[in-house]
Amino acid sequence: MDSYLASHTTAVDETLDSIERWTHLHTAQPQMLCGPYEGRLLTMLCRSAQAKCAVEIGTFVGYSTICIARGLSSGGKLHTFEVNEEYESLIRRNLASANLENCVELHIGDAGKLIPETIKESSSIIDFAFIDAGKRQNKQFYDLLVPRMRSGGIIVIDNTLWGRKVLDIKLHQDSDTRCVNEFNNYVNSDPRVENIMLDIRDGMLICNVL
Ligand SMILES: C[S@@+](CC[C@H](N)C(=O)[O-])C[C@H]1O[C@@H](n2cnc3c(N)ncnc32)[C@H](O)[C@@H]1O
């Protein structure tokens, strides 16, 4: 199934391909990359939101950053937040290789602290957001983003199936699984959004802000 889906999805270019290969060779956690399939969906969702302003939480080496930035409207900007300063030069190098330095603003530090300093509450200016960082902070990030989103904007949250452990919560009592499951339930009962959970890779929760 995976290879059939991949072979009927527009292929990534050499830039993303080489970032993926490099990440597998040189980093300890290459599985953190969203990869070409999910990356293609991020580009298309960002484009369909006609995003002038996008936010990403969890940059890692900048793979998903490039995918999102490629979906921005002309003149649009992506604010991406990464807490690990060791990734900074790598991210900048990868953004340069994709010629995207001018439309991406990289913020190094905890997104929970930096978002309120960067984007005014109730500004309603964010058109597209991708949450892919510490899963225990999902709720904090989501609650920071929702009041900053325009009506009709899209928020994507990654890893919401958490290795499918959320399917049997009685069996998986670890705190990460409980936290992801509680967050999924929180979003599902949030009247501020319409949401759909997709069985793509480790689960993607997509919210349309009302
Ligand atoms: C799964 S990786 C992101 C992968 C990336 N989105 C991609 O698909 O290519 C998660 C990243 O979130 C970062 N992170 C964790 N907590 C964070 C926080 N509070 N603020 C900003 N970044 C954070 C981690 O350092 C890590 O690089």
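Me: Where is Glu88 found, and what makes it count as partly exposed?

Reply: In this predicted model, Glu88 is found in helix α5, which covers residues 88-97. Glu88 has 13 C-beta neighbours inside 10 Å, and since a residue is buried at 20 or more and exposed at 12 or fewer, with partly exposed in between, Glu88 therefore counts as partly exposed. The C-alpha atom of Glu88 is separated by 8.3 Å from that of Leu106, a residue 18 places apart from Glu88 along the chain.

Me: Which residues of α6 and α7 meet, and how do they divide into nonpolar, polar and charged?

Reply: From α6 come Ala111, Gly112, Ile115 and Pro116, and they meet Gln140, Phe141 and Leu144 of α7. The residues of this contact divide into five nonpolar, two polar and no charged.

Me: Why is Asn159 called buried, and what is its phi?

Reply: Asn159, in the loop between β5 (149-158) and α8 (175-188), has 20 C-beta neighbours inside 10 Å, and because buried begins at 20 or more, Asn159 counts as buried. The phi of Asn159 is positive, about 65 degrees, although Asn159 is not a glycine. Most residues other than glycine have a negative phi.

Me: Is Arg164 buried or exposed, and what is its phi?

Reply: Arg164 also lies in the loop between β5 and α8, and with 12 other C-beta atoms within 10 Å it meets the limit of 12 or fewer, so Arg164 is exposed. Its phi is near 70 degrees, a positive value in a residue other than glycine.

Me: What makes Asp199 count as exposed?

Reply: Asp199 has its place in the loop between β6 (193-198) and β7 (204-209), and because its 9 C-beta neighbours inside 10 Å fall within the limit of 12 or fewer, Asp199 counts as exposed. The C-alpha atoms of Asp199 and Leu161 are separated by 7.8 Å, although these residues are 38 residues apart along the chain.

Me: Which residues have the most contacts inside the largest nonpolar core?

Reply: That core has 55 residues, and those with the most contacts inside it are Ala54, Phe128, Ala129 and Ile155. Ala129, not counting residues up to four places away in sequence, touches Ala54, Val55, Leu145, Met149 and Ile155.

Me: Which residues come nearest to the ligand, and how does the shell around it divide?

Reply: Of the 19 residues around the ligand, Cys34, Gly58, Phe60, Tyr63 and Ser64 come nearest. The shell divides into 10 nonpolar, six polar and three charged residues, and α4 (63-69), β2 (77-82) and α6 (111-118) each supply at least two of its residues.

Definitions and conventions. Residues numbered from 1 in each chain as written. Predicted model: local features only at pLDDT ≥ 70, side-chain atom pairs only at ≥ 80, totals over all residues. Core = buried A, V, L, I, M, F, W, Y, C linked by C-beta atoms within 7 Å. Contact = placed C-beta atoms within 7 Å. Near = placed C-beta within 6 Å. Helix = DSSP H or I, 4+ residues; strand = E, 2+ residues; numbered from the N terminus. Nonpolar A, V, L, I, M, F, W, Y, C, P; charged D, E, K, R; others polar.
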